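Please open the model in your viewer and keep the sequence panel beside it, so that each selection below can be followed in turn.

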Amino acid sequence: MTKLSTSLTALAIALAPAAALANEEQTGDPHQQAHKEDDGIVVVGHPPVDFALLSSTSTLEGDKLLINRRGQLGETLAVLPGVSSTSFTPGASRPILRGFDRDRIRVLTDGIGAIDASSVSADHAVVFDSLTVDHIDVLHGPAVLLFGGQAIGGAVNALDKRIPRSVPEGINVTALGGYGSTANERSASGAAQFRLADRWAAHIDASWRKSDDLKVLGFVNSPALRDYLLDEAAEYRADGEPEEAEEYEELANLTGKVPNTAARSTTFGAGLAFIDEGGNLGISIQRQDMRYGLPMRPGAGHGHGHGGHGGGHGGHDEDVSIDLDQTRVDLRGAVELGEGLFDSIQIRGAFGDYQHIEFEGDEVGTTFSGSGVETRLDLVQNEKNGWRGRSGVQYFTRKLNIVGAEAFAPSNDVSRFGVFTLQSLRLGQVELEAAGRYERANVRANSVSFNKSFDLWSGALGASWRFAQDWKLGASFIRGARAPAPEELLSDGLHIATQAYEVGNPTFRPETSKGGEVYLKYDGGAVNLALTGYLTDFDSFIAALPNGDEEDGFPVFEYTQGKARFQGFEASASARVMQWTGGSLTIDAQADYTHAQLKGVGPVPRIPPLRLRGGAELELGNVHLRGEVEHNDAQDRVAGFETPVDGFTMVNLSAVWHPMGDDGPLTFTLAGNNLFNVSARRAASFTRDFVPLAGRDIRVSAKLAF
């Protein structure tokens with residue numbers, strides 16, 4: 001029996017007792033559980049995300065998701081409050097929530113982790129296909145303990161329809177196509193969901209995306225990097241080496257396009273579900289293949305003072321790219337238990353087989369491969385006199401093999417077993433909340449004789465008060481605990497993505513934090529307001545910091561553990577200022593800011609600056625127009641080996657047309673992003689000095705759904 005079939009058999013046995021996931025909106029409506037519509041169709045709810053605990057949840061869906069779809073998750077979500085992106089390259093972009101990245105946030109598909117290697121390094125893509133996603137939630141607050149105590153920064157949950165949630169009367173078809181000018185991006189996808197029998201539904205989908213090198217305004221490299229390259233060129237010329245000098249001058253003066261940033265991806269998926277009033281069970285399979293370029297810092301590790309010359313790719317003679325593929329099998333099910341204490345038993349699980357190969361030209365460099373399983377079982381309570389809750393167990397295991405000359409960390413196995421509960425009690429206009437989680441995590445690397453386990457305790461308390469009509473005031477406290485990642489414990493090698501020699505520390509203890517948030521919300525229909533302030537203190541925050549040494553011409557970054565503080569705010573407001581028959585005018589604004597400090601050291605690396613956004617939306621019948629201005633402040637609070645980032649302001653316009661009505665099957669969009677073609681760089685990006693943001697980008701799309 002193959003390893004794949006053995007793992008799938010074990011997963012099926014583990015998940016056999018019952019099935020599906022569900023979800024509950026803050027109103028207690030069937031966002032949580034399967035329900036029956038008036039026409040008798042049974043509909044399965046969303047994954048378990050919130051009660052009232054998610055005080056600052058934001059969602060990207062509908063037309064807004066259609067306009068902002070990008071090839072990677074980070075760029076897709078960067079329009080939401082408190083969300084930035086790693087923006088390593090168009091093919092690899094992971095979301096950053098309130099300044100947190102990697103293991104401190106969880107990236108989920110339908111409530112289960114991505115089972116990829118995106119948290120290992122910034123150059124690793126998230127296995128994500130925006131063309132098949134229905135909507136995406138960004139989650140904060142105590143309820144993130146449902147997904148793991150390490151998710152102190154929050155969680156991102158992408159919802160797709162691959163496992164059907166209802167049995168259609170006939171066949172439902174969705175087709176989507178789009179084009180973006182800044183990278184000659186072409187994309188297309190199609191999906192169909194159809195009835196097999198009275199209680200059986202099936203789904204198939206496919207998507208394709210391809211883009212060329214990214215177009216930008218002006219010089220590709222930042223002023224600081226250009227100065228360095230020109231200084232190197234001058235030294236080479238003074239030493240009588242004109243060819244090397246010309247090479248550096250050419251790199252310094254590169255304009256127009258970011259080389260080696262092209263990307264392509266294909267996805268195929270299918271699903272099958274049995275849906276009944278007494279429960280449901282569904283399974284799906286997905287295959288995703290990606291290939292994308294990795295631009296390298298010009299001259300890194302091979303400057304004049306290091307006895308070599310840089311070339312165009314940080315010492316690599318050939319373009320570096322990643323060829324990534326994943327096969328994933330998902331299972332979702334539920335058994336409805338009636339009107340007693342418990343509403344349902346819900347199970348969700350996934351198996352992922354993952355591999356990516358880092359190529360230098362056509363030569364195989366480093367290979368990351370392995371497989372993982374994540375499964376959870378939730379016991380959901382019926383609401384009784386204002387009391388409701390959810391408790392369960394969760395298990396995750398992943399084996400990652402890292403082989404190659406640039407394997408900066410050894411092959412490793414990670415496993416986590418967690419037990420959690422989430423409870424809520426409503427007393428009139430006050431709702432009290434509590435969550436707790438215990439997790440046992442283990443990290444093992446046989447090649448270096450490392451095997452260490454961590455006991456992690458997390459908990460949360462919260463309260464909200466509807467003190468007046470349409471007004472809500474709330475506060476929450478979270479004590480989080482995260483096991484150190486294998487890279488933080490065991491790294492000892494050159495990490496080309498970060499252009500540094502990284503050294504871990506196998507003696508690290510768990511990273512613990514205490515923090516909370518306070519929020520105020522007003523929902524008055526025509527006027528809406530939300531303001532959230534947050535603060536998190538870490539006793540043992542893990543960060544990679546330069547120690548002053550060099551190895552092979554690269555700076556040595558050593559993982560250290562110490563005290564840190566993250567604090568900031570998110571604010572948003574909207575008001576419908578005019579309304580008439582068939583139309584309206586709405587204005588809106590939002591702001592977010594994070595201040596992060598390593599106590600006794602300095603700023604935390606790669607923290608986004610203050611961001612302001614203001615816009616206006618005009619509805620004229622079936623046409624929706626929007627204009628907005630986004631300003632990112634300069635970021636001069638930078639860590640060692642980082643350069644300050646200039647501020648920038650972008651102007652965006654978009655139009656959505658529903659020619660057959662807002663509820664009709666056809667949607668056309670036209671968007672102009674960065675219309676004034678400004679040069680911009682993200683402070684949260686490792687590659688900001690040589691991978692700026694896209695220049696003027698005109699995007700069109702068409703969607704047909706019936």
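Begin by selecting Arg106, whose bridge partner in strand 9 is Ala155. The model is a predicted one, in which local features need pLDDT of at least 70 and side-chain atom pairs count only at pLDDT 80 or more, while totals for chains, interfaces and linings use all residues. Residues are numbered from 1 along each chain as its sequence is written, and side-chain values use heavy atoms, with hydrogens and water left out.

Next, select residues 105–109 and 154–160, which are strand 6 and strand 9, running parallel and joined by five bridges. Widen the view to the open sheet of five strands, with order 3-8-9-6-7 and mixed pairing, where two strands pair if DSSP finds at least two bridges between them. Its edge strands, each pairing on one side only, are strand 3 (58–61) and strand 7 (112–113).

Now move to Ala233 in helix 4 (residues 223–238), which is buried, with a relative accessible area of 1% (buried means under 20%, exposed over 50%, and partly exposed in between, with a 1.4 Å probe and protein chains only). Leaving aside neighbours within four places in sequence, Ala233 is in contact (heavy atoms within 4.5 Å) with Ala245, Tyr248 and Glu249. The C-alpha atoms of Ala233 and Glu249 are separated by 6.0 Å, although these residues lie 16 residues apart along the chain.

Finally, select Leu341, in the loop between strand 17 (320–336) and strand 18 (342–360); Leu341 is partly exposed, with a relative accessible area of 42%.

Note on methods
Helices (H or I, at least four residues) and strands (E, at least two) are DSSP runs, numbered from the N terminus.
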